[in-house]
Every structure is written in C-alpha cells, then in structure tokens.
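Work through the exercises below with the coordinates at hand. Each task is followed by a stepwise solution.

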Amino acid sequence: MSQVRSVVSKEADVWVLRLEKANGKVQEYRCTSEGQAKQLAQMLSAPASMEPVQLQA
C-alpha cells in the first residue's frame, strides 16, 4: 500500500486539504470547515478495503 501524507491549513477563510501521494503528486481539496477537512483527510488516507464492493440497484 502506498503512503499518503495529508496537510490541513486555513487560507483566506477556506480550509485546504493537500494530499501528497508516494509518487509525489499532490491533490488539493477545499472545505468549509476544519472538521470537514480533517474527516476528508482521514477518509482519503485510510487504506482501501480488500473486499470487493457490490453496488445495489
């Protein structure tokens, strides 16, 4: 599993989440609150489930 490093910061009344992946690429997300940014960081940094997911129609 590849490592993901996350940084949450406040810039001009917007919370910014930056995720740096093992390959050096950075993804940036803008959130309305610090809590939202931290929850998103936790969700996106978590290892992927090994079980297949079946979508229900």
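**Exercise 1.** State what share of the chain is buried.

Solution. Of the 57 residues, 12% count as buried, where buried means under 20% relative accessible area with a 1.4 Å probe, protein chains only. The model is predicted, so local features need pLDDT of at least 70 and side-chain atom pairs pLDDT 80 or more, while totals for chains, interfaces and linings use all residues. Numbering starts from 1 along each chain as its sequence is written, and side-chain values use heavy atoms, leaving out hydrogens and water.

**Exercise 2.** Determine the order of the secondary structure elements along the sequence.

Solution. Step one: the chain contains 1 helix and 3 strands, taken as DSSP runs (H or I, at least four residues; E, at least two) numbered from the N terminus. Step two: along the sequence they follow the pattern β-β-β-α.

**Exercise 3.** Describe the sheet and what packs on it.

Solution. Step one: the 3 strands form an open antiparallel sheet in the order 1-2-3; pairing requires at least two DSSP bridges between two strands. Step two: strand 1 and strand 2 (residues 14–21) share 8 bridges. Among the partners in strand 2, Trp 15 bridges to Lys 10 and Val 16 to Ser 9. Step three: helix 1 (residues 34–45) packs on the sheet and touches strand 1, strand 2 and strand 3, contact being heavy atoms within 4.5 Å. The direction of helix 1 makes about 15° with that of strand 2; axes are lines fitted to C-alpha atoms, for helices over the stretch in contact, and angles run from 0 to 180 degrees between N-to-C directions.

Notes
Buried means under 20% relative accessible area, exposed over 50%, partly exposed in between (1.4 Å probe, protein chains only).
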